[in-house]
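Subject: Handing over the structure

Dear colleague,

I am passing this structure on to you, and below it I set out what was found in it. Please read the notes with the structure open beside them.

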Protein chains: 2
Amino acid sequence: MSHGDESATDVPDAYRTLLERSEKLTNLQMASMVLGWDQRVMMPEGGTPARAKQLSTLSSLRHELLVDEEVGAWLDELDGADLTGAQAAVVRELRREYERSAEVPAELIERLTRHQSETQQVWQEAKAADDFERFAPALSELIDLQRERAAAIDPTESPYRTMYENGQPYLPLETVERVFEELREHLVPLIAEIDERGRELARPFEGHTYDEETQMALCEAALDLLGYDREHGRLDTAPHPFMSGNQFDARITTRFDESDPLGALGATVHEFGHATYQLGLRKEEYGNPLGSPRSSGVHESQSRFWENHVYRSREFWELFLPTVEEHFPQTEDVTVEEAYQAANRVYPDNLIRVEADELTYHLHIILRCEIDRAFVEGELDVAEIPEVWNDKMDEYLGVRPETDAAGCLQDTHWSAGFANFHGYTVGSVLAAQLDAAMREDLDVDGCIRDGEFAPLREWQAEHVHRHGQRYPTEELIEVATGEPLTAEYFLDYVDEKFADLYEL
Amino acid sequence: MSHGDESATDVPDAYRTLLERSEKLTNLQMASMVLGWDQRVMMPEGGTPARAKQLSTLSSLRHELLVDEEVGAWLDELDGADLTGAQAAVVRELRREYERSAEVPAELIERLTRHQSETQQVWQEAKAADDFERFAPALSELIDLQRERAAAIDPTESPYRTMYENGQPYLPLETVERVFEELREHLVPLIAEIDERGRELARPFEGHTYDEETQMALCEAALDLLGYDREHGRLDTAPHPFMSGNQFDARITTRFDESDPLGALGATVHEFGHATYQLGLRKEEYGNPLGSPRSSGVHESQSRFWENHVYRSREFWELFLPTVEEHFPQTEDVTVEEAYQAANRVYPDNLIRVEADELTYHLHIILRCEIDRAFVEGELDVAEIPEVWNDKMDEYLGVRPETDAAGCLQDTHWSAGFANFHGYTVGSVLAAQLDAAMREDLDVDGCIRDGEFAPLREWQAEHVHRHGQRYPTEELIEVATGEPLTAEYFLDYVDEKFADLYEL
C-alpha cells in the first residue's frame, strides 16, 4: 500500500480489506487475460470448449467477489473516512465498479450474456447472407436488454449516457460530443477536398511480395528501436492485433499481409503504444486502481501517439527506411518521401472501418456513435438503420455501400454493447493534444530523427501512465496537457499534414 | 452428465450440484495449468511477480470452493444414495479430495506453503555451497509440518502412508513396496553384471553438432508419425520437459542438447505418451473425476510405454532412422543397430537421477523412497541423510557421490513433499505390464515397424484412458491387464533386452 508521495494516515481496516479484494479481482481478470491471449495466439483450435468453460468460471467468480455484500459494507464504512487523495481515488474507483455491477440482477446478466452470444451467431449468418432483416429481431431484443441493464445501474439517468459512461468514465458525454461535432464539421470538407484534388500519393511498396518471417524480423527491429522492454513483453501474431497484460507483462501481437509490409509495421507500433501504457503503470500498485489504466480513450491515446505522431512522421521514415531496405532489398529504391506518403495515404472510397485511413476512420466512428444514440433513445427504428447508415456514409465520405454486409452489418460491435466506439476517436484527439504538450518540453522531431525514444516514453510515463486511475479522466487530461480535451490540436495536425501531402 | 453406458437412475439434486462444483474446481485448476504452462514456455521473465499472485489467487479460491461446508453437506446427502457405478465413482473421488483438504487447518496450509517456498530458497543456496548442514534445519521443520498435515488428514494412520496415498491413491503401499523390493533385488545384480561385462554400446551420434531448429523439426516428424493430434496439442520448448492440459488441449514441451539429438527425441516421445492419456479421456466427462487421469503412476505408465516400449525398440529405429538421417545428413552412416544401442545405453557411474538411464533410474527412485520412509518414521535423523544416501548409492549402483550437491542435495524434491517418487517406477513397471497385455491383442512389433501407431493408441485409450477415475487404481490395473500390479513383466523385459544388448 505505498501510494506514492502522499503521506498515509492511519489506514482503516476496511481500506486494507478492500485493497486485498481489489488484488484478487485483478488477479482473476489478469488470469482471464492470459487465457484469452493464449486462446488467440497459442491454443490449438480443439481447446475451445474447455477454454470457454474456464473463462466463464473465472468471470463468474470475479463477479461474485465484486458484488459481495461485504464489499458494499467496506465501501460504506469508508464513506467520509479520513483518506489521502490516493486512497480516496482507490475507493472512488472500486465504488464505481461495485455499483455498476451490484445493481444489475444476476438473471439479467445471464439473459444478456446468452442473448449476446446468440446475436453474435445471427450476425454472422445475416452478414454472410447480406440480410439485415434476419438480424433486426435479435438487435431489437438486444437493445431492450441493454436499456434494462442501464436502467438498473441508474434509473435516474438516460440509458445512453449510462452506456457511454461504462466505457468512458469521468469524461462528460457533452465534451466528447462537442469534440466529435467539430471533427465532423472539419473533416467532412477536408476529405472532400482531398478527394476532389485527385492527387495520387506514392505507393512504393506495391507490386512486391514480403515474406512473413522477414516482416516479423522487421517488426522486431522497429520494437528494438522504439525501446520495447522484452523483459516485460513479447511480439506474436494473431488475426486481429491486440495488446494484453499488465505492468509486469504487456504482450503485443501483429498480423501480416504479404503484399504490404506497412500493415504489420503500423499495427505493431500501435500495439507497442498500448504496451507502453501498461508498462508505465506503477508496479507497486499492481492490483488496485492506481496501478490500472484510466480508460479505453486514454489507452488509445497512447497507441495513436506512437502510430500517428511517431510512425507516420517524416522523421521516422528518415530513420527507419534503411532498416526496411535492409530487410527487403526489393525496396532499395524507395525514397523517404515515398515511404512517408505510403504511410499517410487517404482513400475515402473505402467502406470498411477496420481498413480505414487515419482521417476517414473518425467519420466511421462518429457515424456509429450517432446511430447508436438515436437507436438507444428510440428516435431510430431498427428497420431504418441500413438506410440511415448508407445516407451518413454518403454524406460524410461521399460513398454509399451497395450491400448491408459492407454497410451496417460489417462489424460485430452491437453484440458487445452500444456506445462503445468513442474511445477510438477520443484516443486520436488526445494523442494530438499530448503530442502538442510534449513538444513544449521536448524536441520530438529531433528525438525521432535520432532514434532517441526514451524521452518520449518517459514523458508519457510521467504525465499519463504513472497516475493510473489517480485522477478522473477529465482531470488527468488537464494534469497531463494543461487543458481540457479539445479537438484543436488534432485538427491543426491533420490540416497541416494533409495540406502538405495533398498540396491543398 | 452422460456417464457412459450405465443407465442413470433419478439423479439426486445434491449429485447435480456436486458435479457443477467439480467443474468449477476443474476450471480453476486448468486455468492454473494454462498460467503455469505460459510461465514456463512463453512468459517474459519480468512477469513473475504478478504471475505468482495470480496463481496464488486461483489456488486459494479453488481451495475455498473445495472445502466449502456445502460440499460436505452434499457428500453427506449422497452417502448411501441410489447411484450408478459411475456416479458412485464420482462421489468417491470428490469425497476423497474433499476429506484430504477439509481436514487440514487453513493456517497449517499457509505455514506449510510459506515454509516450502523458503526451503526451496535455502536448498538452492545449500546446493550451490555443497553444504547440507545449511539445509538440515529447514528440512527438519518441513518434515514436522508435513507430519502435522498427515496427522490432520488421518490421525489413525501412519504419516508416511498418508503422504504416500496423497500421490498414489488406491494402490496399496504394501504392493508397491513389494514390487520395489523385487526390482532392487533383481536390478542391483543385473546392473553390476552389465558394469563388469565392460561391453561398450555404440555411441554413433557423438561428435557432431545438431542445431536446435532441425532437432525441433525432427521431433515434430516423430510426433506426426506417432499420431499426435495438433487440433488438440502443440510442441514447444522448456528447460524441463512437461505435459500440460486436458482432453481438449494437451500440450507438450521438450529441450535440446546440441551434442545429442536423442535427448530431445526421447523427451518428446515421453511427453507425447502423457498427452495421449489426457487426449484419451472422455470429452463429455471434462470437469469431473470420470474425465480425469487416475494417478501419477498410471500417467507415467503411458509416457513410459511410448518411451521404453516404442521409442527404445529396434523396430522403431528401423522405421525412424531414415527420418533422422534426412534431417541430419551427418548421421547417414549410422546403422539401425547402432541407433538402437545408443537409445538403450546403461551408465551406472551416473550420480544424477534426471540424467539416469532406463535401468539405473529405478534405483535412484527406490533409494529416495527408502530414505523418505525412514526419515518420516523417525528412524533416520536428518544429519544422517547424506551418509545413508551415499552408502545406498554405493550399494545399489557401485558409485559414491563425492559431494552432497551430487548426492542428497541434487533434487529440489523435498520442498514439494515426501513419498512423492513412487509414481515414476510404478509407471515403468505398469508400462511393461500393459505392453505385455497389449501383445495378447496386437502385433506390437509389427505395428511399430510399419509405423501403424493408431492401434497402440486405441488400445491404451480403450483399456486405460477412457476409464478416467471410474475404478480405483488397483482395479483399473486389473481391468486393463487382467492381473494386479506385478514386477514380472518389467523384469522379463529388461532381462531380455539387456542380456541381448550386453551379451550377458
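In what follows, contact means heavy atoms within 4.5 Å. By that rule, 36 residues of chain A are in contact with 36 residues of chain B.

Please bear in mind that this is a predicted model, in which local features need pLDDT of at least 70 and side-chain atom pairs count only at pLDDT 80 or more, whereas totals for chains, interfaces and linings use all residues. Residues are numbered from 1 along each chain as its sequence is written, chains are lettered from A and ligands numbered from 1 in the order in which they are written, and side-chain values use heavy atoms, with hydrogens and water left out.

The interface

The area buried between chain A and chain B (the accessible area, with a 1.4 Å probe, that two parts lose on being put together, summed over both) is about 3000 Å², and carbon and sulfur atoms give 62% of this area. Met42(A), Pro44(A) and Gln54(A) supply 16% of what chain A buries against chain B, more than any other three residues.

Across the interface of the two chains there are 6 salt bridges, a salt bridge being a side-chain nitrogen of Lys or Arg within 4 Å of a carboxyl oxygen of Asp or Glu. Asp38(A) forms a salt bridge with Arg251(B), and the closest N and O atoms of this pair are 2.6 Å apart. The elements that give two or more residues to the side of chain A that touches chain B are α1 (13-41), α2 (48-67) and β3 (249-254) of chain A, where helices (H or I, at least four residues) and strands (E, at least two) are DSSP runs, numbered from the N terminus.

Because 100% of the interface residues of chain A are also interface residues in chain B, the copies meet through the same surface.

Two buried residues

Gln469(A) lies in the loop between α19 (454-463) and α20 (473-481) of chain A, and at 13% relative accessibility it counts as buried, a word that here means under 20% relative accessible area, with a 1.4 Å probe and protein chains only. Leaving aside neighbours within four places in sequence, Gln469(A) is in contact with several residues, among them Ala89(A), Arg92(A), Pro289(A) and Arg294(A).

Glu315(B) belongs to helix α12 (residues 314-327) of chain B and is buried, with a relative accessible area of 12%. Apart from neighbours within four places in sequence, Glu315(B) is in contact with Asp445(B), Ile448(B) and Arg449(B).

With kind regards

Terms used. Buried < 20%, exposed > 50% of the residue type's maximum accessible area, 1.4 Å probe, protein only.
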